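Try each task before you read its solution.

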Amino acid sequence: MLDLNAFLDLFRYSDNAPWLFTRYGFWVFFVVVLAFYSLVYKHVRRRNIYLLLFSLFFYYKTGGWFCGLLVFSCLANYIFGYAVWAAKRVVTKKIMLAVGVALNLSVLAYFKYAFFFTGMLNRFFSAEFEVFNWLAHGWNGLTGSETDTFNIILPVGISFFTFQGISYLVDVYRKDSDVVKNVFDFSFYLSFFPQLVAGPIVRASAFIPQLHRAYSITKQEFGHAVFLILAGLVKKMVLSDYLAVNFIDRVFSTPGAYSGAENLMAVYGYALQIYGDFSGYTDIAIGVALLLGFKLPVNFNSPYKAHSLTNFWHRWHISLSTWLRDYLYIPLGGNRKGKMRTHINLLVTMLLGGIWHGANIRFLIWGGIHGLGLVVEKLLTPLRKRMPVNRVLTAIFVFFTFHLVCLGWIFFRAESFAGVQQMFFQIRYSFTFDALLELWLAYPLVFGVMLFGFVVHGLPARFQERVRGLFIEMPIWLKAFIVLAVLFILKFFEQAEIQPFIYFRF
Amino acid sequence: MRPLKIFLFFLFVVLLVSAYKHYDDYIEIDKIFETETDTEIIQPADSSFSEVYDTVATQSAVRLDSATIHKDVKVINDVLAVDSIKNEGVLFNNNLHEFYSALNNCNNYLLRVVYYGDSQIEGDHVTYTLRKGLQEKFGGAGIGFLPVQMYYNMTHNLAVVTNDFEKHAVKYADKTNEKYGLYGQYFELKGKKGSIRLVNRGADDSFRNIKILSSGFSVVQVLADKNIIASDTLTNADFEIGQYRFTQTPGEIRINFSNAANLRLYGIMLESEAGVVVDNVSFRGNLSLMAYRFGNELVQEMDKQLNADLLILHFGLNVIPDKRPNYESYRVAIERDINTLRQNMPSASVLLIGASDMAHKVNGELRSHDNIEEIIEAQIKAACNCGVAFWDMRQAMGGKGSIINWVEKEYARSDYAHLTLAGSNAVGEMLCNDLLTGWQNFNSNSEIADTSVLVYDAINAK
């Protein structure tokens, strides 16, 4: 007999079983979306509303009742976008833009930084302010619930939809994008489920024209989408989750208990883990969106092949770095106001980029390392231009850049400052090459996976493209067979715990 | 390409995966990949033993009514525990009488607890709070044993810095007759001279005493905060302790060795003159201690000078993934360890710590490993057979499956095996609490008679 409650559970949010791309539940949901998509895909308006409803349901399953906040964000940005567009005078346009952006930022600040800023205030002024969750207080008043008012939970993906909202308002103001006159169309842009919770950050100017475009997907695009989804799953479940649970988490939680070699390998491993996690997620997002007929921007391009920090940021989380460039660095003055200002702008942009990742001094240091690195690189540009371009030198630059990025990752991942200190201590003082060899013998699969990750990452782009091309050209039955074979292998890497995507709450 | 075709493609894949998942519920596909020995059927734990164990545990354990210091006990009992059976304290508590009696006299003598374990205690885990609790009650300061290698004790903010020694520790594959000594390891000076630096970055302990455990020849110079406090010569080819005192706890200690020949160090100790000290001696990956490979004569000699009063054995974690048809050979290995230790250190009491809870995923569901019960049973049998005390860590954690709650509350790490600092602090406090309760009961003569014979009979009747 059908258990009604179990059936209803499918539609309820559960803390323990959020919908992640690596969960079986999500793919069942996706098949259901596809099942009815045939009925609506020819009619643009119906299609957009259909996907909007599924997107809101997806957000509810992932983030619970915070989908109310998403709806609010959709409505507010729609209204302000319209107001910016409709205003006749430039001053009014500017005011509307400023209020809209401020509203977006204040929502983000409230959820993300209330504790951080209160803590700083208390530390500097020896005050004893306490954070009070006014939203929960109001909610309790309305519904009689007993939500904790001294705790603020960060809604999933808040940064991403807030950034998209800001990009829309600015693009409309700059006339880079048309205003969206239909509220459902706009809400669909802001809440399209593949990229909703962890990016890529989709620019209004790139996505809004697609809202009105008819559905079309070629066989090649289908093959490309399936390939991206598979690659994303392997990156997330093998490179990220498997390495995290079986090696990296343990070392970062007690660095002192591990040798210098282990600590160093954990740092390298984390570089691979965060790449696998984040780029794996966006690969799946891009693939899923493509299957529904929407093109999302590429977000990662083999970042550890970068030969300079500037080059790294052209390859890592491209949608964020270009967002920061267009909506922060350039409005600050970019490189138009002299060398000094360029350097300050770079540093400020990276520091803010750091704090965006989390309200913690460690993220600020991470941003500082990248900001200062970029400034130093800019200063050394004339010298570098005089150097010959050859493979050996490029390899040295790649090696150096990778290690600078890894230095940043230590601060990014460590659990505390004592942990950072301890990690440096172990790497500096208790590193032996013998231990490195011993490690390989002790964790053959972990290091096998790590080697596989770095080798695949380092393969020439031409070769990677050839593999992708081969897959795309395969007959559909062979594609299905390969998909199943990969899923079978992934089962053995599936770990005991649900690993939330690292970027989920950024 | 039309959406219908894409739908059919994904429907096909999802249906096959669903069928596989369904099939997987009946047949554990993991078994295909297991080795021959793993596929042998694991004997289910005998329920009658569990019943006897519960009854005897209830009768013989010290009561927790006078529990005093542990702030986490409540959290563990109320939030993390999954079993209704509460932690029963130290089993066969009467086997610790000599230790309790020593506790009563340690105001004018240094009482030593040597805590051997696997990776569960690495990085001063568990021992940190146990030491702190005992030192608060009975006095004493310092960390005790420190290995002579790069080492950073996060909880104490104390670093050992040296590159001049090579570590040799007891290993399974080791067939040589090496003399490793009481701590199962030694550190050989690579050349004729070398140095060790100890950096105290704000340790809260007021240790006044450093001991260098050595064999072989070397001239030694000890500097505290760059002032020479001692110059000495180590000469004993078998074993000796160089002991040096500070007038106040230094921020940095430097030990220089020169003109050395065959110098081996067995450890450095930072401690006080009296009170309690707890040595943390960890062997990552070990199934048991392998004390029989330590070198009996050397252990005896070291014990004469170091006077161990309580030996704690904390192993079992690495046995859990190693599924066997039965755990008789494991029991024999523990008994061999205990007997060897007691033969070499006759005045020390022994406490065996039971295996902790550990979970894995079976058909997508987190479950405690089935064999833990049998492993704990083998450990209790060994404790009975050897007449030593036993502390059931899994029961203290909250019983079968409790590790899942521990991971959720960040008391354990996401491998569902190792504890976080918070978790190991909680275990250390619980253990300390139970030892203190045992000591109180010993002093008030309120102990229930020894029931190990009863357990022994129950086990052998199986």
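A salt bridge here is a side-chain nitrogen of Lys or Arg within 4 Å of a carboxyl oxygen of Asp or Glu. A search of the whole structure with that rule turns up 24 salt bridges over all chains. Keep in mind that this is a predicted model, where local features need pLDDT of at least 70 and side-chain atom pairs count only at pLDDT 80 or more. Residues are numbered from 1 along each chain as its sequence is written.

**Exercise 1.** Work out which parts of chain A the pair Asp185(A) and Arg45(A) ties together.

*Solution.* Start with the distance: the closest N and O atoms of the Asp185(A)–Arg45(A) salt bridge are 3.7 Å apart. Finally, check accessibility: Asp185(A) is buried at 2%, while Arg45(A) is partly exposed at 39%. Buried means under 20% relative accessible area, exposed over 50%, partly exposed in between (1.4 Å probe, protein chains only).

**Exercise 2.** Find what the side chain of Asn280(B) reaches.

*Solution.* First, locate Asn280(B): strand S13 (residues 275-282) of chain B. With 10% relative accessibility, Asn280(B) counts as buried. Then look at its side chain, which reaches the backbone oxygen of Ile121(B) at 2.9 Å.

How values were computed. Chains lettered and ligands numbered in written order. Heavy atoms only, no water. Helix = DSSP H or I, 4+ residues; strand = E, 2+ residues; numbered from the N terminus. Polar contact = N/O pair within 3.5 Å; in protein donor to acceptor, adjacent residues only side chain to side chain.
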